[in-house]
Amino acid sequence: MKRAMAKLGLVCAALLALPALAADDVAGSIEGVYKRRFMNTINAGADRPAERYLAEDVVEIVRQDADHVYLRAYLEFANGHTCSVWGIAGREGEDFVYRQQTMPAAGEAPCTLKVNVQPGKIVLDDRDAAGAATCRAKCGARGTLSGYTVERKARRPIRYMNRLQESRQYREAVSEFQGMQPPRS
């Protein structure tokens, strides 16, 4: 009887730990690089045919800890327009959210980008409560981060982690993130 109670206690303890393990695992389960290649176009005008070229969207996610991920997205759109954003996103409920800490240009809202992890896909979304895109300054005229989706099956390991961590984007993201952390006492 004591042995059965001890086993039951261990099972209960393990079950209570599952939400913490599951929450901790989300950052690790999405870490990787997601690439999507596609044919894109540059429209030179009504008198000339559109020029087609191979384009590539790249989303990198690197686990910082259980509650933070580094995110870099470089997305291509028609006529050479792009979106390019990077930063450290912190867990807010079920999502990871990047909040721009540097002051944007006059009249612009700070970029707030949500990383919503769903079964089979990851959705990036920069829309505020009113539906307005908050990261417009990070995109060209035809680019948007609103509702951009990557398939989780496209995830590949990052084989260039040293180069990534030495990049200007990563260093800027870490510096911005460290600047918003309260000092340790």
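Hi everyone, let me start with one cysteine: Cys 139 has 13% relative accessibility, so it counts as buried. That puts it under the 20% cut-off for a buried residue. Before I go on, please keep in mind that what you see on the screen is a predicted model.

Which residue is Cys 139 joined to? Its partner is Cys 83, and the disulfide between them has an S to S distance of 2.0 Å.

How many disulfides does the structure hold? There are two. The other one is formed by Cys 111 and Cys 135, with their sulfur atoms 1.9 Å apart. This pair also links distant parts of the chain: Cys 111 lies in the loop between strand E5 (95-99) and strand E6 (112-118), Cys 135 lies in the loop between E7 and E8, and the separation is 24 residues. Here the torsion about the S-S bond is about 80 degrees, so this disulfide is right-handed. Cys 111 and Cys 135 are both buried. If you number the bonded cysteines of the chain in sequence order, you get the pairing 1-4, 2-3.

Now let me step back to the whole chain. It has three helices and nine strands. Reading along the sequence, you go through α-β-β-β-β-β-β-β-β-β-α-α. There are 185 residues, and 35% of them count as buried. Of the contacts with a separation of 6 or more, 50% are between residues 24 or more positions apart. The chain exposes about 11,500 Å², and carbon and sulfur atoms supply 54% of that.

E1 and strand E2 (residues 51-65) run antiparallel and are joined by eleven bridges. As one example, Arg 37 has Glu 56 in E2 as its bridge partner. E2 is also joined to strand E3 (residues 68-76), again antiparallel, by seven bridges. Here, the bridge partner of Val 59 is Ala 73 in E3. E2 and E3 make a hairpin, with two residues between them.

What does its side chain reach? The side chain of Asn 40 reaches the backbone oxygen of Phe 77, at 3.1 Å. Leaving out residues up to four places away in sequence, Asn 40 touches Glu 51, Arg 52, Tyr 53, Ala 55, Glu 76, Phe 77 and Ala 78.

Apart from neighbours within four places in sequence, the contacts of Tyr 148 include Arg 36, Val 59, Leu 75 and Ile 122. If you want a distance to check on screen, Tyr 148 and Val 115 are 9.8 Å apart, C-alpha to C-alpha, and 33 residues apart in sequence.

One last stop, and it is a backbone one. Most residues other than glycine have a negative phi. Asn 79, though, has a phi near 60 degrees, a positive value. Where is Asn 79? It lies in the loop between E3 and E4. Asn 79 counts as partly exposed because its relative accessibility is 24%.

So, to recap: two disulfides, with the pairing 1-4, 2-3, in a chain of three helices and nine strands. Thanks, and I'm happy to take questions!

How values were computed
Residues numbered from 1 in each chain as written. Predicted model: local features only at pLDDT ≥ 70, side-chain atom pairs only at ≥ 80, totals over all residues. Heavy atoms only, no water. Disulfide = S-S within 2.5 Å. Buried < 20%, exposed > 50% of the residue type's maximum accessible area, 1.4 Å probe, protein only. Helix = DSSP H or I, 4+ residues; strand = E, 2+ residues; numbered from the N terminus. Polar contact = N/O pair within 3.5 Å; in protein donor to acceptor, adjacent residues only side chain to side chain. Contact = heavy atoms within 4.5 Å. Areas by Shrake-Rupley, 256 points an atom, 1.4 Å probe, with all protein chains shown as cover. Pairing = 2+ DSSP bridges.
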